Amino acid sequence: MTVPLSKKDLDVLEERGYWKASSSLHKRIKRLIRKKLPLEISYIRDAHRIIFNESNQNAVAGKYRQDNPELKRIDGTLLAISHWHDIPNKMAELNPRRVTLRG
């Protein structure tokens with residue numbers, strides 16, 4: 001029987017996922033800059049997938065959220081985030097511009 005992970009355990013695994021995602025994005029962005037190619041939404045979603053797969057949260061990995069959680073910063077202040085209904089449109093707005101990276 002698998003024991004559910006504590007919030008602290010999940011946080012540690014997510015942090016490990018952030019490091020892996022950051023490393024992956026760093027390598028990809030260096031290559032994009034070298035080839036003068038734009039950043040694409042799929043790279044951001046891949047990074048999100050890496051983060052949450054690491055913590056075995058496959059149901060949210062690489063997907064847009066379906067709720068509006070109250071998130072707080074380390075200092076306890078509320079973190080303003082987009083309403084979940086707006087996320088697909090906000091992300092789609094990035095694609096036409098295709099963010100150009102400079103070295």
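**A walk through the predicted fold**

Ala92 sits in helix H3, which covers residues 87-97. This is a predicted model, in which local features need pLDDT of at least 70, side-chain atom pairs count only at pLDDT 80 or more, and totals for chains, interfaces and linings use all residues. Residues are numbered from 1 along each chain as its sequence is written, and side-chain values use heavy atoms, with hydrogens and water left out.

Helices (H or I, at least four residues) and strands (E, at least two) are DSSP runs, numbered from the N terminus. Ala92 counts as partly exposed because its relative accessibility is 41%. The scale behind that label is this: buried means under 20% relative accessible area, exposed over 50%, and partly exposed in between, with a 1.4 Å probe and protein chains only. Ile41 is 51 residues away in sequence, yet the two C-alpha atoms are 7.9 Å apart.

Now take the whole chain. The protein has three helices and two strands. Along the sequence they follow the pattern α-α-β-β-α. There are 103 residues, and 18% of them count as buried. Contact here means heavy atoms within 4.5 Å. Take the contacts between residues at least 6 apart in sequence: 48% of these join residues at least 24 apart.

How do H1 and H2 pack? Helix H1 spans residues 7-35 and helix H2 spans residues 41-54. Their axes are 7 Å apart and meet at an angle of about 155 degrees. H1 is therefore roughly antiparallel to H2. The axes are lines fitted to C-alpha atoms, for helices over the stretch in contact, and angles run from 0 to 180 degrees between N-to-C directions. Angles under 35 degrees count as roughly parallel, over 145 as roughly antiparallel, 65 to 115 as roughly perpendicular, and the rest as oblique.

The crossing of H1 and H2 is right-handed. A crossing is right-handed if the near helix is turned clockwise from the far one by less than a right angle, and left-handed if anticlockwise. Which residues make the contact? H1 supplies Leu13, Glu14, Arg16, Gly17, Tyr18, Lys20, Ala21, Ser24, Leu25, Arg28 and Leu32. H2 supplies Tyr43, Asp46, Ala47, Ile50, Ile51, Phe52 and Glu54. The contact residues divide into 10 nonpolar, two polar and six charged. In this count Ala, Val, Leu, Ile, Met, Phe, Trp, Tyr, Cys and Pro are nonpolar, Asp, Glu, Lys and Arg are charged, and the others, Gly among them, are polar.

Ser22 also lies in helix H1. It is partly exposed, because its relative accessibility is 41%. His48 is 26 residues away along the chain, and the C-alpha atoms of Ser22 and His48 are separated by 10.0 Å.

Next, the core. The largest nonpolar core has five residues: Ala21, Ala47, Ile51, Phe52 and Ala61. H2 gives the largest share of this core, three residues. A nonpolar core is a set of buried Ala, Val, Leu, Ile, Met, Phe, Trp, Tyr and Cys residues joined through side-chain atoms within 4.5 Å. In soluble globular proteins, nonpolar side chains tend to be buried together.

Ala61 lies in the loop between H2 and E1. Is Ala61 buried or exposed? Ala61 counts as buried because its relative accessibility is 6%. Leaving aside neighbours within four places in sequence, Ala61 is in contact with His48, Arg49, Phe52 and Asn53. Asp46 lies 15 residues away along the chain, with 8.5 Å between its C-alpha atom and that of Ala61.

Gly62 lies in the loop between H2 and E1. Gly62 counts as buried because its relative accessibility is 3%. Apart from neighbours within four places in sequence, Gly62 touches Arg45, His48 and Arg49.

Last, the backbone. Most residues other than glycine have a negative phi. Lys36 has a positive phi, near 55 degrees. Lys36 is found in the loop between H1 and H2. Lys36 counts as exposed because its relative accessibility is 73%. Asn56 also has a positive phi, near 55 degrees. Asn56 lies in the loop between H2 and strand E1 (71-72). Asn56 is exposed, with a relative accessible area of 60%.
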